[in-house]
Amino acid sequence: MSEHSLPSEKLERLDQPSNTHIHAHIVLQDEVDVAAKLAASADSDAPLSPEAAARLRRKIDWHLMPLMCTMYLMTFADKTTLGQSTALGILPGAHLDQNQFNWLSTIFYLSYLAFEYPQNLALQKLPVGKWMSINIFIWAVALLAHAACKSFGALFAVRFILGICEGAITPGFMIVTSMFYTREEQTKRVGYWFLMNGLAIIFLGFVGFGVLHTKTHNFMPWQWLMIITGLITLVTSVLFWFFFPDSPANARFLTPEERVQAVQRIKVNQTGVENKKWKRDQFIEAFTDPKTWIIAVFAALSNVFNSLSNQRLIIISTFGFTPIQTTLIGCVDGVLEIIYIYIAVNLASLKQIGRGYAGAAMFIPALLGSILLNTLSLHNRIGLLFSYWLTITAITPFVVLLGWTGSITAGHTKRTTVNAILFVAYGIGNAAGPFMWKKQYQPRNKVPWIVNSTVFGVCAIILIVLRFYLVWQNKQREGESHDDNYDDVYLNHVDEKGNSVEKKVDRAFLDITDIQNHEFRYIL
């Protein structure tokens, strides 16, 4: 990086008005991205060779993805133990009726809603990996406590705690993914850890099948399910604490040189790594940016269908299958979810298709399946089963959106705020969804499937609208003159000899937002 001594009359703060022509800025360390501090210690800012970049990415993959995938598998398995327990006797065992069961699904997301922004604020202020580990540990203890619950009130309390902890996990994973991977890589990486949901369904199916054969006095199969999944999650949280990094700046599996290379590799994102200082202007911008609300509306509507995660075995059983058949057939849901997510993220990564079109296309088979579920004969249980399996494709567009959101949002405070808004909307959709699966609609569930059909069509349109909005934004920026406000920014740095020097900081590491940075281009 270039070193430069600046005359004092030209030293100005970064927060000058954007319409002021500035020759140079000197910034404090807490104003810039953590990547700027790493880059300032480097001898050179020469770009990595493709071979070196690929080698570094493989190393990051091998250290991050196994932990992220394992953790996401267990958190989703834990979250859906409630749904799996319907085939294992939780309704009579805990003296629940259908309405109370629905409320147990909803309270999880109501507490998630209430604590989502505090969780995202903590993810910005505190070490990301450590904060997630603490939440996962508490989550595991709460899950183990499910086994001691014999009433609606007791289950209500532990589900409330799970909802609080969930608020740190997916947003934390989104932040970490954007720290280590380029925008082109993020969609696939989000897809890889999210498709663990499918593996979790398979895992729960086989565990459920096993515990159905247990013969223990006063201890029901659903209670064994909670104990088994809770213990595995407890062990995983401890491993996460010791081996999962908070950012490239302190990743123990990277050498000091590789840490610098890791941030240089993602410079093309123009989104930086992280900044622990909360910035009011970025917070406000998150709320005034139109695409934030397009994302939020999609997240809320698309997750109305996600209530299926706790209803799916009840739905399958209404087709006429026995509890053991239902448990085993439910494993197919997981296989299909893995396949569908893999197809969706790979389609989204193709430049000629992109995220908006890929997500919208995945709603087409879901729409067909929901229509067939309302029109096929109730006696055609195989047809109904295959139609239900088609609707599972509706899960995948939200996965695409998660990777997309991190790629089109810059500025750390803005990113955590947008994530909070997204997941509050996610919680609203998930909290509302269970109430459409009423006992009075069974076995056909015509009203829920009509609602889902409408949601699928509207959500497909929203994704296309978001894509066209970003295309329009990119065209607007192409016609603008170059903005030189962030071209000459310097960071005070003490070199190896103890001398104070100013090193130039790339605008990608200035912790500025996608709107402030006119060089930023939205990925489609």
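pLDDT is the predictor's confidence in each residue, from 0 to 100. What I have today is a predicted model, in which local features need pLDDT of at least 70 and side-chain atom pairs count only at 80 or more, while totals for chains, interfaces and linings use all residues. Residues are numbered from 1 along each chain as its sequence is written, and side-chain values use heavy atoms, without hydrogens or water.

Confidence first. The protein has a mean pLDDT of 81, with 84% of its residues at 70 or more. Helices (H or I, at least four residues) and strands (E, at least two) are DSSP runs, numbered from the N terminus. Confidence is lowest in strand 1, residues 11-12, at a mean of 39, and highest in helix 14, residues 290-302, at 94. Over residues 1-23 the pLDDT is below 50, and this stretch has 47 contacts in the model beyond near neighbours in sequence; contact means heavy atoms within 4.5 Å.

Now two helix pairs. Axes are lines fitted to C-alpha atoms, for helices over the stretch in contact, and angles run from 0 to 180 degrees between N-to-C directions.

Helix 2 (residues 50-79) packs on helix 6 (residues 128-146) at about 35 degrees, axes 11 Å apart. Met-71, Thr-75, Asp-78 and Lys-79 of helix 2 meet Ile-136, Trp-139 and Leu-143 of helix 6.

Helix 5 (residues 98-125) and helix 7 (residues 152-166) also pack at about 35 degrees, with axes 7 Å apart. Their contact includes Trp-103 and Phe-108 of helix 5 and Phe-156 and Arg-159 of helix 7.
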